[in-house]
Amino acid sequence: MSYQELIQAFPAYASGLWITIQLTLISLALGLLLAIPLAILRVSPRRAVCGPVAAYTWFIRGTPLLAQLMIVYYGFGQFEWLQAAWQRGNPVLLLFRDPFYCALFALTANTCAYTTEILAGALRSTPFGEIEAAQAYGMSRLTAWRRILLPSALRRFIPAYSNEVILMLHGTSIVSAVTIVDLTGAARDFYANYYAPFEAFIAAGTVYFGLTTILAFLIRMTERKYLAHLRPHRVAVPAAS
Amino acid sequence: MSELHEYFPALLRGARVTLLLAVLSVLLSVCLGLAGALAKQSGSRMLVSTATAYTTLIRGVPEFVMMLLVFYGGQILINHIAAALGFHAPDVNAFVTAVLTIGFIFGAYYTETFRGAMLGVPRGQMEAAQAYGFSPWLAFRRILFPQMMRLALPAAVNNWLVLLKTTAIASLIGLHDVMFVADQAGRTTQAPMTFYLAACALYLTLTTGSTACLSRARTRYSKGVREGRLQ
């Protein structure tokens, strides 16, 4: 039927795939980087410190990603000072007219909130003995955070974070709502041109499936490496007599 | 603010659509999830592999792609069937598409949730039910279900929260939910931020409310359990 066209559309799908990969990896990396300091603030006992972070994660985790994306791309344009800055040609604020950077901003803000909460949970479940041992060794607070608390929490954080990575990959599929031609966008274009929904979306779905499988494999490898101490020991079982 | 006042009834209608979509899809997905979990526990090779294929496939493909496939593909499929049977093809409805797609997708997540919870119920419980001569359905209803709900509750509520937020993508296939209304109103009045934030307020109310309900439900389902307290 339209498989010939699907082969012709290969470059469009490939460039869409590249956009999807870029959006996923950059937002995950930035989100994780920002989540580390935010999680440290989140577990602070002081209200003034943890409050603002809690408000941020509450808003992001309570609203749809689509709404966040729309707020960044269309919503901010409502402010007159931003329109004025665009008129003046402010190079940083002009990025908020580019759908790619808007999507990147929204996705990063989204994943950062979820990552912050996952990491904060891991920090809260630090065994008390580890902190005690750090103090007993006379470590300063900074050293204890750097050498004991963070490495230990980041390890416990990997299994829960692996879900977030997959969700983020799938989350990027809505960026075609702000005119970006990602993998889903390429499929929508193909559908619009040839009226062939099965070929268009099954092709995209298959590629997403492949990407998910690759990501899941990479995460399992990371777990094997960093959680090696938690793997069950191989014990020789005495043969039943 | 006057724009918000003017569009308030439209937003409320949108909110009703969002809520109805979320509730119907969660009902469908809980049923699918229970069926999937029972299938995975059944031991029958065909049922187990069908359920495994279902959960693996769903968790590998984004919701939006699935929804586009069902929405546009479903129309063509219905046209073909209608042509073969010789009657006029009905238009595929965005609401029905959204309920079916979201229900089907989250059914896979509920399958995993319920499977994990079923494993947490001691085997002896079901054996005792059998010994008392309970029919399988009665044993499920009176023994397995109440005990597994306690274990499934946190993850089940989390699935519901994700589902609720996922309903927003139905606005992209033209369903007049709260997100769609907010988008349209924002474009007409040139005040998009106001309306997106109004939509967000609805989602926040629903998500925060659901979390509050979780703690009440937890008390209800944990009635028979004595919990250890750390000093």
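**Notes on the two-chain model**

1. B:Cys31 comes out as partly exposed, since 13 other C-beta atoms sit within 10 Å; the cut-offs are 20 or more for buried and 12 or fewer for exposed. Bear in mind that this is a predicted model. The cysteine belongs to helix α1 of chain B, which covers residues 2–42. If you look for B:Gly103, you'll find its C-alpha 9.1 Å from that of B:Cys31, although the two are 72 residues apart along the chain.

2. Chain B as a whole: it has eight helices and zero strands, so reading from the N terminus you get α-α-α-α-α-α-α-α. Its C-alpha trace spans about 65 × 60 × 30 Å along the principal axes. Chain B has 231 residues, and 38% of them count as buried. Taking the contacts in chain B between residues at least 6 apart in sequence, 76% join residues at least 24 apart.

3. Have a look at α3 of chain B, residues 63–85. This helix has 23 residues and reaches 32 Å from first C-alpha to last, close to the 33 Å expected at 1.5 Å a residue. Where is the kink in α3(B) centred? On B:Gly73, with a bend of about 30 degrees. Just after the helix, B:Gly86 takes a positive phi of about 75 degrees.

4. Which residues of α3(B) are buried? They are B:Glu63, B:Phe64, B:Val65, B:Met66, B:Met67, B:Leu68, B:Leu69, B:Val70, B:Phe71 and B:Tyr72. The cover over them includes helices from both chains: α9 (141–171), α10 and α11 of chain A, plus α4 (94–119) and α6 (136–166) of chain B.

5. On to the contact between the chains. Chain A puts in 30 residues and chain B 28 residues. On the chain A side, α4 (65–75), α10 (183–194) and α11 (197–226) each supply at least two residues. The biggest share of that side comes from α11(A), with 10 residues. By type, the chain A side divides into 18 nonpolar residues, 11 polar and one charged.

6. Is A:Ala204 buried or exposed? Buried, because it has 30 other C-beta atoms within 10 Å. Leaving aside neighbours within four places in sequence, A:Ala204 is in contact with A:Leu183, A:Thr184, A:Ala187 and B:Val65. B:Val65 is also one of the buried residues of α3(B). A:Gly121, by contrast, is 83 residues from A:Ala204 in sequence and 35 Å away in space, C-alpha to C-alpha.

7. The buried ones are A:Leu65, A:Leu66, A:Ala67, A:Gln68, A:Leu69, A:Met70, A:Ile71, A:Val72, A:Tyr73 and A:Gly75. They pack against α3, α7 (99–124) and α9 of chain A, together with α7 and α8 of chain B.

8. Next, a helix pair within chain A. A pair of packed helices is described by the angle and the distance between the axes. For α2 (residues 10–42) and α3 (residues 47–62) of chain A, the axes come within 7 Å and cross at roughly 125 degrees. That angle makes α2(A) and α3(A) oblique to each other. Where they meet, α2(A) brings A:Leu38, A:Leu41 and A:Arg42, and α3(A) brings A:Val49, A:Cys50, A:Val53 and A:Ala54. The residues of this contact divide into six nonpolar, no polar and one charged.

9. Finally, a couple of backbone angles to check by eye. Most residues other than glycine have a negative phi. A:Tyr195 has a positive phi, near 55 degrees, and lies in the loop between α10 and α11 of chain A. A:Tyr195 counts as exposed because it has 11 C-beta neighbours inside 10 Å. In chain B, B:Gln190 has a positive phi of about 60 degrees although it is not a glycine. Its place is the loop between α7 (178–189) and α8 (192–221) of chain B. B:Gln190 counts as exposed too, with 10 C-beta neighbours inside 10 Å.

Notes:
Residues numbered from 1 in each chain as written. Chains lettered and ligands numbered in written order. Predicted model: local features only at pLDDT ≥ 70, side-chain atom pairs only at ≥ 80, totals over all residues. Contact = placed C-beta atoms within 7 Å. Helix = DSSP H or I, 4+ residues; strand = E, 2+ residues; numbered from the N terminus. Nonpolar A, V, L, I, M, F, W, Y, C, P; charged D, E, K, R; others polar. Expected span 1.5 Å × (residues − 1). Bend = angle between axes of the 7 residues up to and from the residue. Axes fitted to C-alpha atoms, helices over the stretch in contact; angles between N-to-C directions. Parallel < 35°, antiparallel > 145°, perpendicular 65-115°, else oblique.
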